Amino acid sequence: MASTAIEKKEVTRDLDHCDIPYYVSEFVERELGNDYDSLGKLDSLIEKLSENKKHLEEQVLTVSSEVPKRIQNALKNAEDSKKSLSQLLEEETVLSESINSHLLKAQPWMEELDVVIGQVEEIERHLAYLKWISRIEELSDFEEVLTQLRWPFVGPPQSQAFGLAAPANAPEVYNNLETLFCQLLKLQTSDELLTKPKQLPEKYPLPPSPPIVLPIQIMLNPLQKRFKYHFTGNKQTNVLNKPEWYLTQVLMWIGNHSKFLDDKIQPILDKAGSSVNAGLEFSRALVMLILEKLAADIPCLLYDDTLFCHLVDEVLLFERELYSVHGYLSSFPSCMHILSEESCFQRWLTVEKKFALQKMDSMLSSEAAWISQYKDITDADEMKVPDCAETFMTLLLVITDRYKNLPTASRKLQFLGLQKELIDDFRIRLTQVMKEETRASLGFRYCAILNAVNYIATVLADWADNVFFLQLQQAELEVCAESDTVSQLQLGQLASMESSVFDDMINLLERLKHDMLTRQVDHVFREVKDAAKLYKKERWLSLPSQAEQAVMSLSSTACPMLQTLRDRLLQLEQQLCHSLFKIFWQMLAEKVDLYIYQEIIMANHFNEGGAAQLQFDMSRNLFPLFSHYCKRPENYFKHIKEACIILNLNIGSALLLKDVLQSASENESLKPSQPSATAALNELGVYKLAQRDVEILLNLRASWPNTGK
């Protein structure tokens, strides 16, 4: 074998199938190799392989008998697992539904719990913040400086122990004050660091305002504590019927600290380049205490008329002093913003109207209602205003003063509406009293009512030009334009200031005044007509000429008429104010002029003596009755004056005038050189009478010479 060359063939492996020849070849190669001596191992190798084969056959037999049992067990286990899984799924469904139901029930609790947790977290933040504040306060010596200055000053400036005084260490204290104040002022603080004022409910329309600067906040702390100690809770100083206590206290604090703030704090602010006014900043913070107090108290006394009115009165006095004495700005939050809240404001309007009507009842029922309080003072009694009218206008003026500082135009217009209601109510009351006095239209009370009406109309006309009411007129114009409740003409009149907010009231009063004056004039005129009956029947055709009389005298039949005129003029001059009396006598003069002209002159014929007597009676007796009231009374009796001129023309002038008028009537174009009738009449002083009336008057002359025509 050694000498025989045996060539080995390599057996290749079939990768796609289980290649037994390959594995056998590999096994033989591994066990025997190229060593021929190892062939002796074949017996043992075959034996070993036989045992392995036998063992494998036994295992195959064993496995073939056990596999079905294992599969059966596995299937059973799978079935059991499936049942367990189904049971678990059912339990999971029930549990899920229970959990969902519980979550739904617990949702409100969770939300509440979230809020509580949020509050707890916020409290924790605040607590941490307060700890830091406490630490900062421990490090600051600002409050110590204020203590050295004896701050706050609870007494008047002259009683202040240090503040503005100058002890030995004053320069050092003031230097420390300035240094610390500036440091606090420059401190870049968040909104949370600044102490915000208590937020009032949204129903109070306060204007936006910045927080109080930090150093002044610190300065205000002791005063705020004092205010809350005395005017909140069950303290004896906290009573609803004494609002003047806390209002006065705040005004005193503002006054006590003003000089120190102006002299010591304001220069620091100016030096630091701040635009803050120390006094106003101090006042603004204290006023916020008042606003919080009012917002808390008003709901408690809203329906107690006495307490509510007292509160409003005291608040208005407080506001007046705050603005006039301490220079408070209208752009800052004020008490009027609290009074402007809807329920409070409507209550204010109601109570204001109620007490105004009660006052009107009182003033009209007073014994001195129709007497002028200035009746004994000639210079002061030109208007002859009865007490009730003056008291009423004072009432309106007071109401204006009470509401003029309201923050919005709409609120002011509502008060203006109340004033208009009161004016109209007073006019109606005057009308009712006037009707009771109609039968005595020349009596004292009737004249007093007329003076009252005239006075109210005059004052309202003056108010219409007041800046405050002009602003209200503009506001009313805007409201009307938005609501489209008035015509374009009325809008134009409002916009051009041709009308005023009181025009409707003034027109009604003027109409009443005219009616009352007309009634008086008619009354006197009836008396004059009754007294002139004999004068109408005067024998104007047979009176002696002026040449036949030594001295001309007043016609005896004219005396009752002129005496009646004189007496009534004197009476009404004393009882009516000057402007009313002027209207009265002019209206009366116009009626008398027409009456004498139409009923006496045009109804009679006059000889020369009659015409002369008429002219004497008129120019020397009637006209002079009115000379006390004007320089040329004859101008108010133009019919009479010009009729007397025509009746008393000399014969030549009368003939010439008659010829001119006749020619003008026939054909004025035929005689262009002839003077016109109007020019001829004007030359004689006749302007009022028409040409036809002059022709009639000429025909009333009794004696004309025979001219052959």
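Q: Let me start with one residue. Does Glu281 count as buried or exposed, and what is its relative accessibility?

A: First, a caution: this is a predicted model. Now the idea: buried means under 20% relative accessible area. Glu281 has 8% relative accessibility, so it counts as buried.

Q: Which side chain does Glu281 meet in a salt bridge?

A: The general idea comes first. Side chains of opposite charge can pair when their charged atoms come close. Here Glu281 meets Arg284 in a salt bridge, at 3.1 Å from N to O. Arg284 counts as buried because its relative accessibility is 5%.

Q: How many residues apart are Glu281 and Arg284, and in which helix do they lie?

A: Both lie in helix α7. They are 3 residues apart, which is about one turn of the helix.

Q: Where is Ser283 found?

A: Ser283 is in helix α7 too, and this helix covers residues 278-301. Ser283 has a relative accessible area of 3%, so it is buried.

Q: Which residues is Ser283 in contact with, leaving aside its neighbours within four places in sequence?

A: With those neighbours set aside, Ser283 is in contact with Ile254 and Tyr328.

Q: Back to salt bridges. How many does a search of the whole structure find?

A: The search finds 25 salt bridges. Let us read a few.

Q: Which residue forms a salt bridge with Arg568?

A: That is Glu527, with the closest N and O atoms 2.7 Å apart. This pair links distant parts of the chain. Arg568 sits in helix α18 (residues 559-575), while Glu527 sits in helix α16 (residues 503-531). They are 41 residues apart.

Q: What are the relative accessibility values of Arg568 and Glu527?

A: Arg568 has a relative accessible area of 22%, so it is partly exposed. Glu527 is at 21% and also counts as partly exposed. The cut-off matters here: buried means under 20%.

Q: Which residue forms a salt bridge with Asp567?

A: Arg566 does, and the closest N and O atoms are 3.0 Å apart. Asp567 is partly exposed, with a relative accessible area of 33%. Arg566 is partly exposed as well, at 39%.

Q: Which residues are linked in a network of salt bridges?

A: One such network links Asp305, Arg347 and Lys354.

Q: Now the nonpolar core. Which residues touch the most other members of the largest one?

A: This core has 185 residues, and Phe392 and Phe584 touch the most other members. Helix α7 supplies the largest share of the core, with 14 residues.

Q: Which residues is Phe584 in contact with, again leaving aside neighbours within four places in sequence?

A: Phe584 is in contact with Leu517, Gln520, Val521 and Val524, among others. Its contacts also include Leu569, Leu572 and Leu576.

Q: Which residues form a nonpolar patch on the surface?

A: Met110, Leu113, Val116, Ile117 and Val120 form one. Together they have about 390 Å² of accessible area. Take Val116 as the example: it is found in helix α2, residues 42-139. Val116 is partly exposed, with a relative accessible area of 41%.

Q: How many aromatic pairs does a search of the whole structure find?

A: It finds 31 aromatic pairs. To read one, look at the ring centres and the angle between the planes. For Phe153 and Phe260, the centres are 5.2 Å apart and the planes are at 85°, so the pair is edge-to-face.

Q: Where do Phe153 and Phe260 lie?

A: Phe153 lies in the loop between α3 (142-148) and α4 (170-186), and Phe260 lies in helix α6 (residues 243-271). The pair therefore ties together parts that are 107 residues apart in sequence. Phe153 counts as buried at 3% relative accessibility. Phe260 is buried too, with a relative accessible area of 0%.

Q: What kind of aromatic pair do Trp585 and Tyr636 form?

A: Theirs is edge-to-face, at 4.8 Å centre to centre with 70° between the planes. Trp585 is in helix α19 (residues 578-601), and Tyr636 is in the loop between α20 (608-625) and α21 (638-647). So the pair ties together parts 51 residues apart in sequence. Trp585 is buried at 2%, whereas Tyr636 is partly exposed at 32%.

Q: Which residues form one aromatic cluster?

A: The cluster includes Phe345, Trp348, Tyr403 and Phe415.

Notes:
Residues numbered from 1 in each chain as written. Predicted model: local features only at pLDDT ≥ 70, side-chain atom pairs only at ≥ 80, totals over all residues. Heavy atoms only, no water. Helix = DSSP H or I, 4+ residues; strand = E, 2+ residues; numbered from the N terminus. Buried < 20%, exposed > 50% of the residue type's maximum accessible area, 1.4 Å probe, protein only. Contact = heavy atoms within 4.5 Å. Core = buried A, V, L, I, M, F, W, Y, C linked by side-chain atoms within 4.5 Å. Patch = residues over 30% accessible without salt bridge, like charges linked within 9 Å, V, L, I, M, F, W, Y side chains within 5 Å. Areas by Shrake-Rupley, 256 points an atom, 1.4 Å probe, with all protein chains shown as cover. Salt bridge = Lys/Arg side-chain N within 4 Å of Asp/Glu carboxyl O. Phe/Tyr/Trp six-rings, centres within 6.5 Å; stacked < 30°, edge-to-face > 60°.
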